[in-house]
Amino acid sequence: RDNRDQSMAGVVFAKGQSSTEVGRTVFRDAVMAVDAEYARKIEKEKNWRFNYVPHVIRSLELGLESTDNALRLCNAGLDSLYSHFEFERDGDRCTLKEAIQGRYTDTLQTYRVPGTGSRTKFNVPYKGRKLSDDALLKQLAHWAQLGTIEPDAANAIKEVVSTEMLDASDKYVVVIGASAMMGPLQTLLELGAHVIAIDLPIPRIWERLIDMAKKSPGTLIFPSTAVRDGTQAQLDTKGLAAVAGVDIMTQTPEIINWLSKLYPTHRLVVGSYVYLDGAKFLRVSMACDAIMKQLCINRKKKTRLAFLCTPTDAYAVPKAAAEAAEQSWNSWSLNNTVMTPLRALPKILQQNKNPPVKTKDGKGTIYYCNEIYTDQGPNYALAKRLQQWRAIVARSNGHTVSSHIAPASFTPSVMSNRLFKWAYKGASIFPPVEIFEPETARVMMSLLLLYDTSSPQSVANPEVEIGNPFQLFSHTAVHGGVWRQAYTVPSVGPVAAVAHLVDEYTLPTFSFAYLAYRLAGATSRL
(Lines give C-alpha, C1' and ligand atoms only; values in the text may rest on other atoms or scores of the structure.)
Protein backbone atom coordinates (compact mmCIF):
# COMPACT_ATOMS: atom_id res chain seq x y z
CA ARG A 1 0.00 0.00 0.00
CA ASP A 2 1.43 3.38 -0.96
CA ASN A 3 2.22 5.86 1.79
CA ARG A 4 1.50 9.03 -0.17
CA ASP A 5 -1.85 9.58 1.57
CA GLN A 6 -0.24 9.53 5.03
CA SER A 7 -0.75 12.43 7.37
CA MET A 8 2.54 14.25 7.01
CA ALA A 9 3.29 14.68 10.67
CA GLY A 10 5.21 12.73 13.27
CA VAL A 11 6.66 9.33 12.38
CA VAL A 12 6.54 9.02 8.59
CA PHE A 13 8.14 7.06 5.79
CA ALA A 14 11.17 8.67 4.22
CA LYS A 15 10.23 10.91 1.30
CA GLY A 16 9.54 9.17 -1.98
CA GLN A 17 9.21 5.69 -0.47
CA SER A 18 6.12 3.52 -0.37
CA SER A 19 5.45 1.04 2.40
CA THR A 20 5.74 -1.78 -0.16
CA GLU A 21 9.21 -0.67 -1.17
CA VAL A 22 10.23 -0.30 2.45
CA GLY A 23 8.97 -3.76 3.35
CA ARG A 24 10.86 -5.53 0.59
CA THR A 25 14.04 -3.54 1.30
CA VAL A 26 13.95 -4.18 5.05
CA PHE A 27 13.58 -7.94 4.63
CA ARG A 28 16.35 -7.87 2.03
CA ASP A 29 18.65 -6.01 4.42
CA ALA A 30 17.80 -8.30 7.33
CA VAL A 31 18.49 -11.44 5.33
CA MET A 32 21.61 -9.92 3.74
CA ALA A 33 23.25 -10.16 7.16
CA VAL A 34 23.11 -13.97 7.02
CA ASP A 35 22.47 -15.06 3.40
CA ALA A 36 23.44 -12.65 0.62
CA GLU A 37 22.29 -15.01 -2.13
CA TYR A 38 18.75 -15.26 -0.80
CA ALA A 39 18.69 -11.51 -0.08
CA ARG A 40 19.15 -10.94 -3.81
CA LYS A 41 16.08 -13.08 -4.46
CA ILE A 42 14.07 -10.80 -2.21
CA GLU A 43 15.43 -7.77 -4.06
CA LYS A 44 14.23 -9.23 -7.36
CA GLU A 45 10.70 -9.98 -6.09
CA LYS A 46 8.34 -8.10 -8.42
CA ASN A 47 5.06 -8.69 -6.59
CA TRP A 48 5.89 -8.14 -2.92
CA ARG A 49 2.25 -7.45 -1.99
CA PHE A 50 1.15 -11.02 -2.72
CA ASN A 51 4.42 -12.97 -2.66
CA TYR A 52 5.91 -11.74 0.60
CA VAL A 53 5.01 -14.75 2.78
CA PRO A 54 7.67 -17.21 1.51
CA HIS A 55 10.34 -14.57 2.11
CA VAL A 56 9.11 -13.93 5.65
CA ILE A 57 9.24 -17.68 6.30
CA ARG A 58 12.73 -17.96 4.83
CA SER A 59 13.93 -15.17 7.11
CA LEU A 60 12.63 -17.14 10.10
CA GLU A 61 14.29 -20.34 8.90
CA LEU A 62 17.62 -18.55 8.54
CA GLY A 63 17.25 -17.06 12.02
CA LEU A 64 16.57 -20.48 13.49
CA GLU A 65 19.81 -21.92 12.16
CA SER A 66 21.89 -20.34 14.93
CA THR A 67 21.90 -17.73 17.68
CA ASP A 68 24.41 -15.68 15.70
CA ASN A 69 22.13 -15.74 12.66
CA ALA A 70 19.14 -14.67 14.74
CA LEU A 71 20.87 -11.70 16.34
CA ARG A 72 22.52 -10.51 13.14
CA LEU A 73 19.26 -10.76 11.22
CA CYS A 74 17.23 -8.94 13.89
CA ASN A 75 19.75 -6.13 14.32
CA ALA A 76 20.09 -5.65 10.58
CA GLY A 77 16.31 -5.57 10.17
CA LEU A 78 15.92 -2.93 12.90
CA ASP A 79 18.75 -0.82 11.48
CA SER A 80 17.15 -0.95 8.04
CA LEU A 81 13.76 0.07 9.40
CA TYR A 82 15.19 3.15 11.10
CA SER A 83 16.91 4.17 7.88
CA HIS A 84 13.51 4.33 6.17
CA PHE A 85 11.63 6.44 8.73
CA GLU A 86 11.73 10.13 9.47
CA PHE A 87 10.04 12.53 11.85
CA GLU A 88 8.23 15.62 10.62
CA ARG A 89 6.95 18.59 12.59
CA ASP A 90 5.88 22.00 11.28
CA GLY A 91 7.37 21.26 7.89
CA ASP A 92 10.76 20.30 9.34
CA ARG A 93 12.06 16.77 8.79
CA CYS A 94 14.81 14.80 10.44
CA THR A 95 15.63 11.11 10.80
CA LEU A 96 13.61 9.24 13.39
CA LYS A 97 16.85 8.50 15.24
CA GLU A 98 17.60 12.21 15.53
CA ALA A 99 14.08 12.97 16.74
CA ILE A 100 14.26 10.55 19.65
CA GLN A 101 17.82 11.34 20.72
CA GLY A 102 17.42 14.85 22.07
CA ARG A 103 16.38 17.08 19.15
CA TYR A 104 13.14 17.88 20.99
CA THR A 105 13.37 18.73 24.68
CA ASP A 106 9.76 19.40 25.70
CA THR A 107 8.10 17.00 28.10
CA LEU A 108 4.57 16.30 29.33
CA GLN A 109 2.63 16.94 32.51
CA THR A 110 1.77 14.08 34.84
CA TYR A 111 -1.72 13.39 36.19
CA ARG A 112 -2.52 10.68 38.73
CA VAL A 113 -5.87 9.09 39.53
CA PRO A 114 -5.64 6.94 42.66
CA GLY A 115 -8.30 4.28 42.96
CA THR A 116 -10.50 4.03 46.01
CA GLY A 117 -11.63 0.44 45.49
CA SER A 118 -10.40 -2.62 47.33
CA ARG A 119 -9.15 -5.94 46.03
CA THR A 120 -11.91 -8.47 45.35
CA LYS A 121 -11.70 -12.21 44.85
CA PHE A 122 -9.86 -12.82 41.62
CA ASN A 123 -11.54 -14.70 38.78
CA VAL A 124 -11.28 -15.33 35.06
CA PRO A 125 -14.52 -14.72 33.14
CA TYR A 126 -15.34 -17.66 30.88
CA LYS A 127 -18.58 -18.43 29.07
CA GLY A 128 -20.77 -16.63 31.57
CA ARG A 129 -18.97 -18.05 34.61
CA LYS A 130 -16.31 -16.59 36.88
CA LEU A 131 -13.57 -19.14 37.30
CA SER A 132 -11.42 -19.10 40.43
CA ASP A 133 -9.65 -21.54 42.73
CA ASP A 134 -10.17 -25.19 41.75
CA ALA A 135 -12.53 -24.37 38.88
CA LEU A 136 -9.90 -22.19 37.23
CA LEU A 137 -7.13 -24.73 37.77
CA LYS A 138 -9.28 -27.49 36.25
CA GLN A 139 -10.04 -25.35 33.21
CA LEU A 140 -6.35 -24.55 32.72
CA ALA A 141 -5.51 -28.25 32.93
CA HIS A 142 -8.32 -29.04 30.46
CA TRP A 143 -7.08 -26.50 27.92
CA ALA A 144 -3.53 -27.82 28.24
CA GLN A 145 -4.65 -31.43 27.86
CA LEU A 146 -6.61 -30.59 24.72
CA GLY A 147 -3.77 -28.53 23.26
CA THR A 148 -5.68 -25.25 23.24
CA ILE A 149 -2.88 -23.64 25.23
CA GLU A 150 0.63 -24.90 25.85
CA PRO A 151 1.21 -26.77 29.15
CA ASP A 152 3.82 -24.27 30.32
CA ALA A 153 1.28 -21.45 29.85
CA ALA A 154 -1.18 -23.28 32.10
CA ASN A 155 1.54 -23.84 34.70
CA ALA A 156 2.59 -20.18 34.63
CA ILE A 157 -0.96 -18.90 35.11
CA LYS A 158 -1.50 -21.44 37.87
CA GLU A 159 1.58 -20.15 39.68
CA VAL A 160 0.41 -16.54 39.45
CA VAL A 161 -3.09 -17.16 40.80
CA SER A 162 -1.76 -19.42 43.56
CA THR A 163 0.93 -17.09 44.93
CA GLU A 164 1.67 -13.52 45.92
CA MET A 165 2.37 -12.76 42.23
CA LEU A 166 -1.33 -11.88 41.99
CA ASP A 167 -0.62 -8.75 44.02
CA ALA A 168 0.47 -6.20 41.40
CA SER A 169 0.83 -3.23 43.77
CA ASP A 170 4.58 -3.13 43.18
CA LYS A 171 4.26 -3.06 39.38
CA TYR A 172 4.64 0.09 37.24
CA VAL A 173 3.37 -0.72 33.74
CA VAL A 174 3.30 1.60 30.73
CA VAL A 175 0.39 0.58 28.48
CA ILE A 176 0.82 2.14 25.03
CA GLY A 177 -2.63 1.84 23.51
CA ALA A 178 -4.36 1.98 26.89
CA SER A 179 -7.87 1.48 25.52
CA ALA A 180 -7.00 -1.66 23.53
CA MET A 181 -9.51 -4.42 24.22
CA MET A 182 -6.78 -7.05 24.60
CA GLY A 183 -4.51 -4.80 26.65
CA PRO A 184 -3.79 -5.42 30.35
CA LEU A 185 -4.91 -2.05 31.77
CA GLN A 186 -8.15 -3.16 33.42
CA THR A 187 -6.74 -6.35 34.94
CA LEU A 188 -3.67 -4.58 36.25
CA LEU A 189 -5.75 -1.84 37.90
CA GLU A 190 -7.98 -4.48 39.51
CA LEU A 191 -4.85 -6.11 40.94
CA GLY A 192 -3.53 -2.85 42.37
CA ALA A 193 -0.87 -1.90 39.83
CA HIS A 194 0.36 1.55 38.89
CA VAL A 195 -0.67 1.84 35.24
CA ILE A 196 0.86 4.56 33.08
CA ALA A 197 -1.66 4.91 30.30
CA ILE A 198 -0.84 6.33 26.88
CA ASP A 199 -3.59 6.84 24.33
CA LEU A 200 -5.03 9.48 22.02
CA PRO A 201 -6.52 12.67 23.53
CA ILE A 202 -10.13 11.55 23.00
CA PRO A 203 -12.27 12.44 26.07
CA ARG A 204 -14.72 9.53 25.74
CA ILE A 205 -11.82 7.08 25.91
CA TRP A 206 -10.38 8.73 29.00
CA GLU A 207 -13.71 9.06 30.79
CA ARG A 208 -14.02 5.28 30.67
CA LEU A 209 -10.43 4.68 31.79
CA ILE A 210 -10.60 7.23 34.62
CA ASP A 211 -13.89 5.82 35.93
CA MET A 212 -12.37 2.36 35.82
CA ALA A 213 -9.33 3.54 37.76
CA LYS A 214 -11.34 5.33 40.44
CA LYS A 215 -13.26 2.14 41.22
CA SER A 216 -10.11 0.01 41.40
CA PRO A 217 -7.40 -0.48 44.02
CA GLY A 218 -4.79 0.62 41.46
CA THR A 219 -3.48 3.97 40.29
CA LEU A 220 -3.83 5.46 36.81
CA ILE A 221 -1.10 7.81 35.61
CA PHE A 222 -1.42 9.64 32.31
CA PRO A 223 0.34 12.43 30.37
CA SER A 224 -1.12 15.72 29.23
CA THR A 225 -0.01 18.67 27.14
CA ALA A 226 -2.77 21.01 28.32
CA VAL A 227 -3.49 22.69 31.63
CA ARG A 228 -6.96 23.78 32.69
CA ASP A 229 -7.66 26.41 35.29
CA GLY A 230 -7.50 24.90 38.78
CA THR A 231 -5.50 22.08 40.30
CA GLN A 232 -5.86 18.41 39.47
CA ALA A 233 -7.87 17.87 42.68
CA GLN A 234 -10.51 20.27 41.41
CA LEU A 235 -11.05 18.33 38.16
CA ASP A 236 -13.81 15.74 37.99
CA THR A 237 -13.77 12.80 35.57
CA LYS A 238 -14.85 14.94 32.62
CA GLY A 239 -12.31 17.59 33.48
CA LEU A 240 -9.49 15.07 33.70
CA ALA A 241 -10.59 13.37 30.48
CA ALA A 242 -10.57 16.71 28.68
CA VAL A 243 -6.83 17.19 29.31
CA ALA A 244 -5.71 13.55 29.07
CA GLY A 245 -3.83 11.87 26.29
CA VAL A 246 -1.17 12.33 23.63
CA ASP A 247 -0.64 11.25 20.03
CA ILE A 248 1.91 8.44 19.89
CA MET A 249 2.96 9.16 16.31
CA THR A 250 3.29 12.95 16.53
CA GLN A 251 4.46 13.37 20.13
CA THR A 252 6.94 10.51 20.25
CA PRO A 253 9.89 12.60 21.51
CA GLU A 254 7.84 14.16 24.31
CA ILE A 255 6.60 10.76 25.43
CA ILE A 256 10.20 9.52 25.59
CA ASN A 257 11.33 12.58 27.56
CA TRP A 258 8.43 12.16 30.00
CA LEU A 259 8.83 8.43 30.56
CA SER A 260 12.61 8.69 30.89
CA LYS A 261 12.22 10.64 34.13
CA LEU A 262 8.97 9.19 35.47
CA TYR A 263 9.39 7.10 38.64
CA PRO A 264 13.18 7.02 38.23
CA THR A 265 13.75 4.52 41.06
CA HIS A 266 11.26 1.97 39.72
CA ARG A 267 11.54 -0.57 36.93
CA LEU A 268 9.02 0.24 34.23
CA VAL A 269 7.33 -2.41 32.10
CA VAL A 270 6.65 -0.85 28.70
CA GLY A 271 3.99 -2.67 26.66
CA SER A 272 2.81 -2.00 23.10
CA TYR A 273 -0.87 -2.76 22.38
CA VAL A 274 -1.63 -0.43 19.46
CA TYR A 275 -3.18 -1.25 16.10
CA LEU A 276 -4.15 0.72 12.99
CA ASP A 277 -5.01 -0.44 9.49
CA GLY A 278 -2.59 -0.63 6.58
CA ALA A 279 0.62 1.37 6.45
CA LYS A 280 -0.43 3.34 9.54
CA PHE A 281 0.12 0.20 11.61
CA LEU A 282 3.75 0.16 10.55
CA ARG A 283 4.11 3.88 11.37
CA VAL A 284 2.57 3.60 14.84
CA SER A 285 4.58 0.42 15.50
CA MET A 286 7.74 2.35 14.65
CA ALA A 287 6.67 5.10 17.07
CA CYS A 288 6.17 2.50 19.82
CA ASP A 289 9.50 0.89 19.00
CA ALA A 290 11.25 4.25 19.13
CA ILE A 291 9.86 4.79 22.63
CA MET A 292 10.95 1.33 23.75
CA LYS A 293 14.37 1.55 22.12
CA GLN A 294 15.20 4.89 23.70
CA LEU A 295 13.86 3.96 27.13
CA CYS A 296 16.09 0.89 27.10
CA ILE A 297 18.99 3.31 26.61
CA ASN A 298 17.88 6.09 28.97
CA ARG A 299 16.65 3.91 31.85
CA LYS A 300 18.98 1.02 31.05
CA LYS A 301 17.95 -2.37 32.48
CA LYS A 302 15.22 -0.78 34.55
CA THR A 303 13.17 -0.99 31.35
CA ARG A 304 11.26 -4.20 30.68
CA LEU A 305 9.30 -4.73 27.45
CA ALA A 306 5.98 -6.43 26.73
CA PHE A 307 4.21 -7.49 23.55
CA LEU A 308 1.20 -9.53 22.49
CA CYS A 309 1.77 -11.70 19.42
CA THR A 310 -0.90 -12.68 16.91
CA PRO A 311 -1.62 -16.40 16.37
CA THR A 312 -1.66 -15.76 12.60
CA ASP A 313 2.09 -15.48 12.15
CA ALA A 314 5.15 -17.72 11.93
CA TYR A 315 6.97 -18.89 15.04
CA ALA A 316 9.30 -21.51 16.39
CA VAL A 317 7.10 -24.05 18.16
CA PRO A 318 7.77 -26.87 20.65
CA LYS A 319 8.47 -30.24 19.11
CA ALA A 320 5.49 -31.63 21.03
CA ALA A 321 3.15 -29.14 19.33
CA ALA A 322 4.43 -30.03 15.86
CA GLU A 323 4.05 -33.74 16.62
CA ALA A 324 0.52 -33.20 17.91
CA ALA A 325 -0.44 -31.43 14.69
CA GLU A 326 0.91 -34.29 12.59
CA GLN A 327 -0.83 -36.87 14.76
CA SER A 328 -4.08 -34.99 14.33
CA TRP A 329 -3.61 -35.06 10.54
CA ASN A 330 -2.89 -38.81 10.46
CA SER A 331 -5.32 -40.07 13.09
CA TRP A 332 -8.61 -41.72 12.29
CA SER A 333 -11.62 -39.81 13.47
CA LEU A 334 -15.09 -38.99 12.25
CA ASN A 335 -13.89 -35.42 11.77
CA ASN A 336 -11.00 -36.49 9.54
CA THR A 337 -13.24 -38.88 7.60
CA VAL A 338 -15.58 -36.03 6.73
CA MET A 339 -12.77 -33.59 5.97
CA THR A 340 -10.52 -35.87 3.87
CA PRO A 341 -12.31 -35.23 0.51
CA LEU A 342 -11.90 -31.49 1.05
CA ARG A 343 -8.12 -31.84 1.34
CA ALA A 344 -7.98 -32.20 -2.44
CA LEU A 345 -9.46 -28.73 -3.00
CA PRO A 346 -7.04 -25.87 -3.65
CA LYS A 347 -6.10 -23.74 -0.62
CA ILE A 348 -8.37 -25.79 1.69
CA LEU A 349 -7.29 -27.91 4.66
CA GLN A 350 -3.55 -27.75 4.06
CA GLN A 351 -1.45 -29.75 6.49
CA ASN A 352 -0.08 -27.82 9.44
CA LYS A 353 3.46 -29.06 8.92
CA ASN A 354 6.80 -27.58 7.91
CA PRO A 355 10.20 -29.25 7.64
CA PRO A 356 12.14 -28.56 10.84
CA VAL A 357 15.21 -26.37 10.60
CA LYS A 358 18.55 -28.04 11.21
CA THR A 359 20.84 -25.94 13.35
CA LYS A 360 24.27 -25.01 11.98
CA ASP A 361 26.05 -26.86 14.76
CA GLY A 362 24.30 -30.05 13.70
CA LYS A 363 23.11 -30.74 17.24
CA GLY A 364 19.41 -30.42 16.73
CA THR A 365 16.37 -29.29 14.83
CA ILE A 366 13.82 -26.56 15.55
CA TYR A 367 10.20 -26.84 14.51
CA TYR A 368 8.10 -23.91 13.35
CA CYS A 369 4.60 -23.06 12.17
CA ASN A 370 3.40 -20.83 9.35
CA GLU A 371 -0.06 -19.42 10.02
CA ILE A 372 0.31 -16.18 8.04
CA TYR A 373 -2.71 -14.93 6.06
CA THR A 374 -1.45 -13.47 2.80
CA ASP A 375 -4.32 -10.98 2.83
CA GLN A 376 -3.20 -9.52 6.16
CA GLY A 377 -0.65 -7.80 3.98
CA PRO A 378 3.09 -7.13 4.10
CA ASN A 379 2.71 -4.01 6.27
CA TYR A 380 1.12 -6.09 9.03
CA ALA A 381 3.77 -8.80 8.66
CA LEU A 382 6.59 -6.27 8.92
CA ALA A 383 5.04 -4.49 11.91
CA LYS A 384 4.77 -7.79 13.78
CA ARG A 385 8.32 -8.74 12.69
CA LEU A 386 9.51 -5.42 14.10
CA GLN A 387 8.11 -6.44 17.48
CA GLN A 388 9.79 -9.85 17.32
CA TRP A 389 13.12 -8.34 16.32
CA ARG A 390 12.95 -5.75 19.12
CA ALA A 391 12.03 -8.41 21.68
CA ILE A 392 14.99 -10.56 20.66
CA VAL A 393 17.52 -7.71 20.57
CA ALA A 394 16.36 -6.22 23.87
CA ARG A 395 16.53 -9.59 25.61
CA SER A 396 20.01 -10.20 24.21
CA ASN A 397 21.00 -6.85 25.77
CA GLY A 398 19.85 -7.94 29.22
CA HIS A 399 16.28 -6.62 29.32
CA THR A 400 13.34 -8.67 30.57
CA VAL A 401 10.95 -9.22 27.65
CA SER A 402 7.41 -10.57 28.01
CA SER A 403 6.09 -11.70 24.62
CA HIS A 404 3.30 -14.23 24.22
CA ILE A 405 1.09 -15.56 21.49
CA ALA A 406 -2.49 -14.52 22.32
CA PRO A 407 -5.53 -16.44 21.06
CA ALA A 408 -7.96 -15.39 18.36
CA SER A 409 -10.88 -13.62 20.04
CA PHE A 410 -14.38 -12.41 19.26
CA THR A 411 -13.37 -8.76 19.13
CA PRO A 412 -15.74 -6.19 17.57
CA SER A 413 -13.41 -5.66 14.61
CA VAL A 414 -13.52 -9.37 13.80
CA MET A 415 -17.25 -9.73 14.33
CA SER A 416 -17.94 -6.79 12.02
CA ASN A 417 -16.56 -8.85 9.12
CA ARG A 418 -19.23 -11.35 8.12
CA LEU A 419 -16.86 -13.99 6.75
CA PHE A 420 -14.55 -13.82 9.77
CA LYS A 421 -17.56 -14.01 12.06
CA TRP A 422 -18.79 -17.19 10.40
CA ALA A 423 -15.33 -18.77 10.41
CA TYR A 424 -14.71 -17.96 14.06
CA LYS A 425 -18.09 -19.36 15.09
CA GLY A 426 -17.42 -22.59 13.19
CA ALA A 427 -13.77 -22.99 14.20
CA SER A 428 -14.53 -25.46 16.99
CA ILE A 429 -14.95 -28.25 14.40
CA PHE A 430 -11.16 -28.27 14.25
CA PRO A 431 -10.04 -29.45 17.70
CA PRO A 432 -8.30 -28.27 19.78
CA VAL A 433 -9.13 -24.81 18.40
CA GLU A 434 -11.15 -22.47 20.57
CA ILE A 435 -11.94 -18.82 19.85
CA PHE A 436 -11.90 -16.87 23.10
CA GLU A 437 -14.06 -14.08 24.38
CA PRO A 438 -11.90 -10.94 24.64
CA GLU A 439 -12.44 -10.69 28.40
CA THR A 440 -11.08 -14.20 28.95
CA ALA A 441 -8.08 -13.68 26.69
CA ARG A 442 -7.29 -10.28 28.21
CA VAL A 443 -7.13 -11.61 31.77
CA MET A 444 -5.07 -14.66 30.82
CA MET A 445 -2.50 -12.59 28.93
CA SER A 446 -2.31 -10.12 31.81
CA LEU A 447 -1.54 -12.98 34.20
CA LEU A 448 1.30 -14.11 31.95
CA LEU A 449 2.67 -10.56 32.01
CA LEU A 450 2.68 -10.72 35.81
CA TYR A 451 4.43 -14.09 35.68
CA ASP A 452 7.13 -12.75 33.38
CA THR A 453 7.80 -9.72 35.55
CA SER A 454 7.74 -11.67 38.83
CA SER A 455 9.23 -15.12 38.29
CA PRO A 456 12.98 -15.52 37.79
CA GLN A 457 12.21 -18.84 36.07
CA SER A 458 10.29 -17.16 33.25
CA VAL A 459 11.92 -17.19 29.81
CA ALA A 460 11.31 -13.43 29.81
CA ASN A 461 14.31 -13.29 32.14
CA PRO A 462 17.38 -12.89 29.89
CA GLU A 463 19.41 -15.09 32.25
CA VAL A 464 17.20 -18.10 31.46
CA GLU A 465 18.61 -20.22 28.64
CA ILE A 466 16.14 -20.78 25.78
CA GLY A 467 18.31 -22.05 22.92
CA ASN A 468 17.73 -19.99 19.79
CA PRO A 469 16.50 -16.41 20.42
CA PHE A 470 13.45 -16.98 18.21
CA GLN A 471 12.37 -19.70 20.63
CA LEU A 472 11.33 -16.95 23.05
CA PHE A 473 7.94 -17.07 21.34
CA SER A 474 7.52 -20.84 21.62
CA HIS A 475 7.11 -20.67 25.40
CA THR A 476 3.89 -20.13 27.42
CA ALA A 477 1.77 -19.65 24.29
CA VAL A 478 -2.01 -19.23 24.48
CA HIS A 479 -2.48 -19.86 20.77
CA GLY A 480 -6.03 -21.16 20.97
CA GLY A 481 -5.10 -24.56 19.54
CA VAL A 482 -3.76 -23.44 16.16
CA TRP A 483 -0.28 -24.87 16.71
CA ARG A 484 -1.67 -28.36 17.41
CA GLN A 485 -4.52 -28.64 14.93
CA ALA A 486 -4.12 -30.67 11.74
CA TYR A 487 -4.52 -27.79 9.30
CA THR A 488 -3.03 -24.34 8.79
CA VAL A 489 -5.16 -21.43 9.97
CA PRO A 490 -5.62 -19.79 6.54
CA SER A 491 -6.84 -23.05 5.00
CA VAL A 492 -9.59 -23.83 7.54
CA GLY A 493 -11.52 -20.56 7.35
CA PRO A 494 -13.89 -21.39 4.48
CA VAL A 495 -14.72 -24.81 5.92
CA ALA A 496 -15.29 -23.40 9.40
CA ALA A 497 -17.55 -20.69 7.99
CA VAL A 498 -19.65 -23.21 6.10
CA ALA A 499 -19.83 -25.50 9.14
CA HIS A 500 -21.31 -22.60 11.08
CA LEU A 501 -23.84 -21.84 8.33
CA VAL A 502 -24.89 -25.48 8.03
CA ASP A 503 -25.39 -25.67 11.79
CA GLU A 504 -27.02 -22.25 12.15
CA TYR A 505 -29.51 -22.64 9.32
CA THR A 506 -29.91 -26.46 9.40
CA LEU A 507 -28.78 -26.83 5.79
CA PRO A 508 -28.63 -30.30 4.21
CA THR A 509 -25.40 -32.12 4.97
CA PHE A 510 -24.59 -32.58 1.28
CA SER A 511 -24.32 -28.80 0.91
CA PHE A 512 -21.29 -28.69 3.21
CA ALA A 513 -18.60 -29.56 0.65
CA TYR A 514 -20.20 -27.52 -2.13
CA LEU A 515 -20.48 -24.37 -0.03
CA ALA A 516 -16.95 -24.78 1.30
CA TYR A 517 -15.65 -25.00 -2.26
CA ARG A 518 -17.58 -21.89 -3.37
CA LEU A 519 -16.63 -19.89 -0.30
CA ALA A 520 -12.97 -20.78 -0.73
CA GLY A 521 -13.18 -19.38 -4.23
CA ALA A 522 -14.72 -16.19 -2.91
CA THR A 523 -12.03 -15.49 -0.37
CA SER A 524 -8.64 -16.76 0.76
CA ARG A 525 -8.61 -14.25 3.59
CA LEU A 526 -10.11 -16.54 6.18
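How many cavities of 30 Å³ or more does the count come to? For this predicted model, the count comes to 6.

## The largest cavity

The largest cavity holds about 210 Å³ of space. Its lining is made up of 20 residues, and those closest to the centre are Y373, Y424, A427, I435 and V489. Two elements give two or more residues to this lining: α17, which covers 418-426, and α19, which covers 489-505.

Next comes the second largest cavity, with about 60 Å³ of space.

By class, the lining of the second largest cavity has 8 nonpolar and 4 polar residues, with no charged ones.

## The largest pocket

Turning to open space, the largest pocket contains about 1800 Å³. It is lined by 50 residues, and nearest its centre lie V274, Y275, L276, Y380 and S413. The elements with two or more residues in this lining are α12 (279-298), β11, α15, α16 (412-415) and α17.

Which element provides the largest share of the pocket lining? That is α15, with 5 residues. Sorted by class, the pocket lining divides into 27 nonpolar, 15 polar and 8 charged residues.

## Helices α4 and α15

Helix α15 (residues 378-396) also packs with helix α4 (residues 67-83): their axes come within 9 Å and cross at roughly 125 degrees. Because of that angle, α4 counts as oblique to α15. Is the crossing left-handed or right-handed? It is left-handed.

On the α4 side, the residues in contact are L71, L73, C74, N75, G77, L78, L81 and Y82, and they meet L382, L386, W389, R390, I392, V393 and S396 of α15. This contact comprises 11 nonpolar residues, 3 polar ones and 1 charged.

## Helices α5 and α12

Helix α12, which gives two or more residues to the pocket lining, has a packing partner as well. Its axis lies 11 Å from that of helix α5 (residues 96-103), and the two pack at an angle of about 45 degrees. That angle is why α5 is classed as oblique to α12. The pair crosses in a right-handed sense.

Which residues of α5 and α12 meet? From α5 there are L96, I100 and Q101, and from α12 there are M286, A290, K293 and Q294. By class, the contact of α5 with α12 has 4 nonpolar residues, 2 polar and 1 charged.

Notes. Residues are numbered from 1 along each chain as its sequence is written. This is a predicted model: local features need pLDDT of at least 70, side-chain atom pairs count only at pLDDT 80 or more; totals for chains, interfaces and linings use all residues. Side-chain values use heavy atoms; hydrogens and water are left out. Axes are lines fitted to C-alpha atoms, for helices over the stretch in contact, and angles run from 0 to 180 degrees between N-to-C directions. Helices (H or I, at least four residues) and strands (E, at least two) are DSSP runs, numbered from the N terminus. Angles under 35 degrees count as roughly parallel, over 145 as roughly antiparallel, 65 to 115 as roughly perpendicular and the rest as oblique. A crossing is left-handed if the near helix is turned anticlockwise from the far one by less than a right angle, and right-handed if clockwise. Contact means heavy atoms within 4.5 Å. Ala, Val, Leu, Ile, Met, Phe, Trp, Tyr, Cys and Pro count as nonpolar, Asp, Glu, Lys and Arg as charged, and the others, Gly among them, as polar. On a 1 Å grid over the protein atoms alone, a cavity is a set of points where a 1.4 Å probe fits but cannot get out, and a pocket is an open set with protein on both sides within 12 Å along at least five of seven lines; lining residues have an atom within 4 Å of a point. Grid points are joined across faces, edges and corners, and a volume is the space filled by probe spheres set on the points.
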